[in-house]
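Please read it alongside the model shown here.

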Amino acid sequence: MKRTWIATTIAALVLAGSASSKDKPPEAVKRIEEARVVFNEIMTAGDKSIPLELFEKAHCVAIIPGLKKGGFLVGAKYGKGVLMCRRPGGGWTGPGTVRVEGGSVGLQIGGGEVDVVLLVMNERGAEKMLKSEFTIGGSAAAMAGPVGRSVQAETDAYMQAEILGYSRSRGVFAGLALEGSTLREDSSDNEAVYGKRLSNEEILAGRKAPVPAAARPLVVTLNRYSMWEKK
């Protein structure tokens with residue numbers, strides 16, 4: 001009898017754990033909310049935020065919460081996040097999922113994590129972002145973005161850059177150049193978010209993929225900062 005009770009209890013716990021794991025949203029879905037929180041915190045940082053003038057001009061935005069840096073002497077980067085572009089009629093598409101991978105050789109003290117935001121500033125950069133893979137600073141010209149409420153956003157340097165990069169680590173926010181890093185679409189994460197296998201090009205074109213419920217708060221947040229002039 002005692003053995004039967006133990007076996008029954010173990011079976012119940014296994015089934016409960018299985019049901020609980022099924023109820024949890026996939027990591028790719030949870031990452032969308034993490035991206036929203038990161039972007040909102042950055043944009044509400046006052047004089048340490050991304051200039052609204054530049055975000056207003058951005059064609060697309062990539063948000064990678066918790067990009068991992070690492071290593072002593074040989075540094076490596078790895079992270080996952082979301083990529084969204086403006087719709088032709090206004091507003092933002094649903095998120096395509098991306099992976100950032102890259103490495104550099106040189107003296108890098110310690111590891112850690114940083115939140116990364118990439119602004120894609122023109123149509124050329126947006127077209128490259130729709131590819132399944134490209135190299136930042138190689139196939140797309142990139143530079144560290146300026147920080148603050150107001151900048152001279154019309155300067156040649158910022159207007160010629162296809163991508164402006166930003167990072168936040170331990171409360172410090174600054175421009176970031178991810179030279180040599182590779183950005184790839186993540187088709188398995190897209191499937192976890194949309195329930196079917198979609199490419200980022202299909203998602204960001206806005207035709208085959210309505211905004212999923214999990215991404216609506218992020219779209220609302222991006223729209224809020226896109227309409228700053230109309231407040």
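1. Ring pairs link F39, F55, W92 and Y225 into a cluster; rings of Phe, Tyr and Trp (its six-membered ring) pair if their centres lie within 6.5 Å, with planes under 30 degrees apart stacked, over 60 edge-to-face and the rest tilted. The model is predicted: local features need pLDDT of at least 70 and side-chain atom pairs pLDDT 80 or more, while totals for chains, interfaces and linings use all residues. Residues are numbered from 1 along each chain as its sequence is written, and side-chain values use heavy atoms, leaving out hydrogens and water.

2. Four aromatic pairs are present in the structure. The ring centres of F39 and Y225 are 6.0 Å apart with planes at 75°, so this pair is edge-to-face. Because F39 belongs to helix α2 and Y225 to helix α8 (residues 216-226), the pair ties together parts 186 residues apart in sequence; helices are DSSP runs of H or I of at least four residues, and strands are E runs of at least two, numbered from the N terminus. Both F39 and Y225 are buried, meaning under 20% relative accessible area with a 1.4 Å probe, protein chains only.

3. Y166 and F173 form a stacked pair, 5.5 Å centre to centre with 5° between the planes. Y166 and F173 are buried as well.

4. The charged end of R86 sits over the ring of F55, 5.8 Å from its centre (criterion: NZ of Lys or CZ of Arg within 6 Å of the ring centre and within 35 degrees of the ring normal).

5. V117 is in contact (heavy atoms within 4.5 Å) with residues including F39, I50 and Y166, leaving aside neighbours within four places in sequence.

Technical notes:
Buried < 20%, exposed > 50% of the residue type's maximum accessible area, 1.4 Å probe, protein only.
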